[in-house]
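Here are a few friendly notes to read alongside the fold. Please have a look at the chain first, then go through the points in order.

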Amino acid sequence: MERNDTWKRYAVTDGLCITAHPDLPVTVAENGDRKLLLLGYMLDPYHPDLDDDAILNGILGEITRPADIFQRTATLGGRWALIYADPDEIWLMNDPMGLRQVVHTNGALPDLWCASQPGTIAEELGLDPDPEVMERLVGAPEYREALEYWWPGDLSPYSGIKHLLPNRYLDLKRRSVHRFWPDQRLERIRAEECVEKCATVLKGMIESASKRFDLAHTVTAGWDSRTALSACKAVSPEIFYFTMIYYNKTAKTPDISVARDLIARLGLEHHLILCPDSMDPEFAEIYRKNVWGAHEGWGAIARGMYDHYPQERVCIKGNGSGMLKCRYRQGWDQACTGELLADLADIGPMNSNRMTIEHFERWISEAQEVSARSGIHILDLFYQEQRMARRQGMSQLEWDIVQEVLVPWNSRELIAAGFSVEGRCRGSRHPLIQHGIIRALWPEVISVPVNPPPGIKGVAAALLWQVGLWPFDRAF
């Protein structure tokens, strides 16, 4: 990539180097003949004063073998990819939800390349998209109709490039992928224990982030953003709060009106970001070139953020807390098939696409044994390894052009805590754990109704909410 003469270069070992975009932070730590290279940023919720350099040196000082790195990163948050190198091993892994995307070449190509997206490698090597993928997936009529489709399994548009899924590391010497988590059976914990753990870690994540970055927070009417907001109490006056108007939303949509009322009730300032219906030609050219297969709808939202979002701020998002709610609970009692996953996945008309279903089935064939061994329901793993890594990871990759993101739930420790609670305690309509977190951290955050039902507005919604008749008995 010599033509990218403004990019930064770092040597990993002889013959292996990193070329990084100027906007991507890279931190290097060395201890004797061992080295760590971090792309992105890490947060330590238990030691919020530590920066990336201190975190990396702490890891190197505590590990005695390469596999120790998995346990040592279990409590860390942020959005990152990490390379470990010593004379015998070179391993690459990324954050627990795969939000710092990593793709890599497989044995179908002669040389090893890794990147944040397949288009970067394809451009460098002069690769054409896989004809089968173009015919059976991209060329399918349902693909053109899908608004927010995400790619299944480890599939990419190119036959020689695969997506590195969460809970796995890439052995760069042997060009092989290995799962490292879950590595044991999770012990069941009570909902109250999960609440205490999550409240402590979330508060630490926000405190750590606030010491590094100016923060923004995207606020909606839902539980996810409300729970993330509750962890911000100590630094709340310093945050830029906003809600975006896009697709068919209006100022009267609950996501907009409730968010505005909530932030005002807390004595803070709320901002609206109006997104256009589509990208203008100049922005569209840059956006589409930046990421192969970029979503047109997401591009229109990115245009709105480009115009109105304070781009120096890192954006807190509530995504990822689905592990506390059994997002795919409706499928728990059914046999797990590719058809079921496609139906549950919120991919619109692509739920009938045969190539999508086949790649979900390939993921199932490996995940079923892991699910049985660990006690984690396979649909929980699907949420982490597919929906978050492939859908949310793609969203954040596309929006790197306008913002850096912090998902406070992006911690293996928090994911394990959520998956360790009985499914019957993790309903979506009755999110007891999220409710408990908010009560523990900032009770005033639920003084305004969450997700008002259709037809119930204003005073009526507030009264029902206050007396506990909706959405559930609020005693916890």
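1. A word on terms before the surface figures: accessible areas come from the Shrake-Rupley method with a 1.4 Å probe. By that count, the protein chain has an accessible surface of about 20300 Å², and carbon and sulfur atoms hold 49% of it. Please keep in mind that this is a predicted model.

2. On the overall fold, the protein chain contains 16 helices and 16 strands. Its radius of gyration is 22 Å, close to the 23 Å that the globule rule gives for 476 residues, so the chain is as compact as a globular protein of that length. Along the principal axes, the C-alpha atoms fill a box of roughly 65 × 50 × 45 Å.

3. How much of the chain is buried? Of its 476 residues, 59% count as buried. As for contacts with a separation of 6 or more, 70% of them are between residues 24 or more positions apart.

4. Lastly, the charges: the protein chain carries 51 positive and 65 negative ones, and their mean positions lie 5 Å apart.

Definitions and conventions. Residues are numbered from 1 along each chain as its sequence is written. This is a predicted model: local features need pLDDT of at least 70, side-chain atom pairs count only at pLDDT 80 or more; totals for chains, interfaces and linings use all residues. Side-chain values use heavy atoms; hydrogens and water are left out. Helices (H or I, at least four residues) and strands (E, at least two) are DSSP runs, numbered from the N terminus. The radius of gyration is taken over C-alpha atoms; the globule rule is 2.2 Å times the number of residues to the power 0.38. Buried means under 20% relative accessible area, exposed over 50%, partly exposed in between (1.4 Å probe, protein chains only). Contact means heavy atoms within 4.5 Å. Lys and Arg count as positive and Asp and Glu as negative; His and the chain ends are not counted. The place of a charge is taken as NZ of Lys, CZ of Arg, CG of Asp or CD of Glu.
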